[in-house]
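I set out to read one protein model and to record each look-up in order. The sequence and structure come first, and my entries follow.

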Amino acid sequence: MKTKSSWKKWGATLAALSMSMTLLTACGSSSSTKEQASAGGKSDAVKLRVVWWGAQTRHDATKKVLELYTKKHPNVTFVSEFSGWDGYWDKLATQAAGKNAPDIIQMDAQYLQEYAGRNQLADLSSGIEVSDLDKNLVNTGKYKNKLYAVPLGNNATGLVVNKQALEKLGITPPKSDWTWDDLFQMAKEIQTKLPKGKYALADFSASLLGSRTLYEEYQLGQGKGHLTSSNGKANIDKETWLKWNKIFSDLRKEGVVPPAEVSVSEKQYDPKQDLLLNGTVLIKAAFAAEYPSYEGVTPGAYDLVKVPDGKQASGYLKPSMFWSVSSQSKNVEEAKKVIDFFINDKEAGEILGTTRGIPVSTKVLDELTPKFSQADLKQVDLIKATAPGANPFNGGPTGFGNFDKEFTNVEQEYIFGRESANQAYQDILNKWDETIKE
């Protein structure tokens with residue numbers, strides 16, 4: 001029979017054992033969600049911040065996929081941060097510099113080298129299944145042979161045309177087999193039939209899509225190559241640049257494109273302030289992945305055609321966007337699982353559709369194609385039309401994203417008449433030297 005003293009010792013021993021078991025359990029709490037779930041244990045709560053840009057259709061689809069992920073993984077919840085393209089990169093740069101970057105970041109090719117080069121992105125070389133993706137497309141997310149961004153869609157630049165308006169004017173909407181000269185001639189013809197305050201064409205030299213993007217495709221069509229040479233140096237052909245800006249200067253004077261103050265006041269995707277959606281212009285440039293943002297506002301009103309060619313093909317295929325993970329994230333492995341879910345889960349793919357471009361997983365794409373809407377199929381058609389003569393993709397050197405913004409800023413100074421064409425060209429070269437890190 002145990003004495004009172006013996007019971008006390010026994011109780012102390014049990015308490016010590018209990019504490020040891022608690023500590024052991026705590027030490028094992030860093031196991032992956034999958035391992036814990038298979039063992040029947042309860043997963044630790046994880047909250048991930050996710051940031052992206054885009055129109056309302058993309059916002060809605062993305063949030064539904066995140067909700068689906070939480071439904072399947074109840075321990076994981078999300079804080080969503082989303083906006084339009086304008087201001088997105090300034091905010092992200094501030095967050096990253098302040099060690100407050102979101103866990104999962106929607107990334108663009110022109111900013112990838114910049115963020116990866118500053119060690120602000122996590123290595124995604126393992127933990128995400130990419131074997132079902134085109135190898136060349138996957139490689140666009142690499143920096144110094146490590147994967148820092150996983151592509152979410154295949155993309156190309158196109159022109160969104162208000163076909164309903166053109167048909168009412170008695171003008172046959174364009175097809176993808178056209179040239180820059182065809183476009184400018186058509187725009188002049190359209191303008192003769194439009195009332196005051198309406199314009200045939202958006203001013204590509206001041207476009208919110210990125211005046212650099214459109215100029216680069218024009219330069220490619222003239223056989224002058226990308227703005228970045230193979231050795232990472234500037235390759236902005238002066239004669240071609242001056243010709244491009246002279247074309248749009250003349251179109252502004254003729255009233256075929258809007259005045260400078262109208263062009264720069266545009267707010268993309270806003271039904272009241274987007275120049276295509278509010279009927280101010282009838283033709284505007286957009287990436288294929290952006291087409292649902294227009295079609296969704298006025299179904300059946302628009303068409304999507306290939307960027308015109310010059311002496312040779314102007315277009316190229318590019319990743320529409322990527323998911324990246326902040327190197328500051330405390331939940332990198334869970335973030336990888338979320339990205340894997342976005343690109344490989346068929347249910348997620350059905351929700352996303354083409355809101356981020358043509359799905360990158362061939363299995364998901366095969367599953368979805370029979371269910372695609374006409375707007376989705378338009379994107380597929382643009383990719384197919386661009387692919388045969390597509391120029392190689394060139395994401396630009398480190399700092400190219402900042403140069404892209406500066407290029408547009410200089411262009412806007414020029415269209416307001418605050419710089420001559422020659423001054424603006426030299427200013428662009430100066431901006432290259434200031435922003436590009438070789």
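**Entry 1: the sheet.** Which residue in β3 does Val 51 stand opposite? I looked it up and found Ile 105 in β3 facing Val 51. I note here that the model is predicted.

I then examined the two strands themselves. Strand β1 (residues 46-53) and strand β3 (residues 104-107) run parallel and are joined by 2 bridges. As background, I recall that strands of a sheet pair through backbone hydrogen bonds, either parallel or antiparallel.

**Entry 2: aromatic rings.** How many aromatic pairs does the count come to? I recorded 30 aromatic pairs.

Trp 53 lies in strand β1, whereas Trp 85 lies in the loop between β2 and α4 (88-97), so the pair ties together parts that are 32 residues apart in sequence. Trp 53 is at 5% relative accessibility and therefore counts as buried, the limit being under 20%. Trp 85 is partly exposed, at 26% relative accessibility.

I then took a second pair, Phe 403 and Trp 432. Their arrangement is also edge-to-face, with 5.1 Å centre to centre and 75° between the planes. Phe 403 belongs to helix α17 (residues 400-415) and Trp 432 to helix α18 (residues 421-435), so I noted a link between distant parts of the chain, 29 residues apart. Both Phe 403 and Trp 432 are buried. These two residues also belong to one aromatic cluster, whose members include Trp 180, Phe 248 and Phe 407.

**Entry 3: charges over rings.** I found the charged end of Arg 118 over the ring of Tyr 115, 5.0 Å from its centre. The charged end of Lys 318 sits over the ring of Phe 287, 4.8 Å from its centre.

Entry 4: Most residues other than glycine have a negative phi. I therefore noted exceptions to this general rule.

Asn 119 has a positive phi, near 60°. This residue is in the loop between α5 (109-117) and α6 (135-139). Is Asn 119 buried or exposed? Its relative accessible area is 61%, so Asn 119 is exposed, the limit being over 50%.

Tyr 269 has a positive phi too, near 75°, and is found in the loop between α11 (260-264) and β9 (281-287). Tyr 269 counts as buried, at 13% relative accessibility.

**Entry 5: the chain as a whole.** I recorded 18 helices and 12 strands in the protein chain. Of its 438 residues, 52% are buried. The accessible surface comes to about 20300 Å², and 51% of this belongs to carbon and sulfur atoms.

Technical notes:
Residues numbered from 1 in each chain as written. Predicted model: local features only at pLDDT ≥ 70, side-chain atom pairs only at ≥ 80, totals over all residues. Heavy atoms only, no water. Helix = DSSP H or I, 4+ residues; strand = E, 2+ residues; numbered from the N terminus. Buried < 20%, exposed > 50% of the residue type's maximum accessible area, 1.4 Å probe, protein only. Pairing = 2+ DSSP bridges. Phe/Tyr/Trp six-rings, centres within 6.5 Å; stacked < 30°, edge-to-face > 60°. Lys NZ or Arg CZ within 6 Å of the ring centre and 35° of its normal. Areas by Shrake-Rupley, 256 points an atom, 1.4 Å probe, with all protein chains shown as cover.
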